[in-house]
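Hi everyone, thanks for making time today. Let me put the sequence and the model up, and then we can walk through a few spots together.

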Amino acid sequence: MEFGTLFGIIAGIVLIIAYIPQIRKTYRLKKTDEISLGLFAMVGIGIAMWVGYGLYIRDYIVFTMNLLLLGFNLTVVAMKIIYDRKSS
């Protein structure tokens, strides 16, 4: 495996792991007052564009890592929407 490929995989894993504390805390507290929907929505759009780019250049590492990252991002967005509706 080339260094660049390994580096990309590790970078993707680190970014995915970065979402876990936020998801765990939000799920545990069922409170999303301090989460910015705008931020996570814009980040989600950017990640979706990276997914498309990965497909376009046929780089399945870029595609797969960003698809997983998008799933984690959408999880936070969904929790924000659901928990905000329940608290109002």
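Let's start with a question: is R28 buried or exposed? R28 is exposed, because its relative accessible area is 57%; here buried means under 20%, exposed over 50%, and partly exposed in between, with a 1.4 Å probe and protein chains only as cover.

A word on where this comes from: this is a predicted model, so local features need pLDDT of at least 70 and side-chain atom pairs count only at pLDDT 80 or more, while totals for chains, interfaces and linings use all residues. Residues are numbered from 1 along each chain as its sequence is written, and side-chain values use heavy atoms, with hydrogens and water left out.

Back to R28, which sits in helix 1, residues 3-29; helices are DSSP runs of H or I, at least four residues, numbered from the N terminus. Together with R24, K25 and K31, R28 forms a positive surface patch. Patch members have over 30% relative accessible area and no salt bridge, with like charges joined within 9 Å and nonpolar side chains within 5 Å. A salt bridge means a Lys or Arg side-chain nitrogen within 4 Å of a carboxyl oxygen of Asp or Glu. Lys and Arg count as positive, placed at NZ and CZ respectively.

There is a nonpolar patch too: M1, L6, I10 and V14 make one of about 430 Å², with areas from Shrake-Rupley and a 1.4 Å probe. I10 belongs to helix 1 and is partly exposed, at 46% relative accessible area.

Now, the rings. How many aromatic pairs does the structure hold? There are three, where a pair needs ring centres within 6.5 Å, and planes under 30 degrees apart are stacked, over 60 edge-to-face, and the rest tilted. F3 and F7 have centres 5.6 Å apart and planes at 35 degrees, so that pair is tilted. Both are in helix 1, four residues apart, about one turn, and both are exposed.

Y19 and F40 make an edge-to-face pair, at 6.1 Å between centres and 70 degrees between planes. Y19 is in helix 1 and F40 in helix 2, residues 37-56, so this pair ties together parts 21 residues apart in sequence. Y19 is buried at 11% relative accessible area, and F40 is buried at 13%.

Last stop: I81, in helix 3, residues 60-87. At 35% relative accessibility, I81 is partly exposed. From I81 to T5 is 76 residues in sequence and 36 Å in space, C-alpha to C-alpha.

Methods:
Helix = DSSP H or I, 4+ residues; strand = E, 2+ residues; numbered from the N terminus. Phe/Tyr/Trp six-rings, centres within 6.5 Å; stacked < 30°, edge-to-face > 60°.
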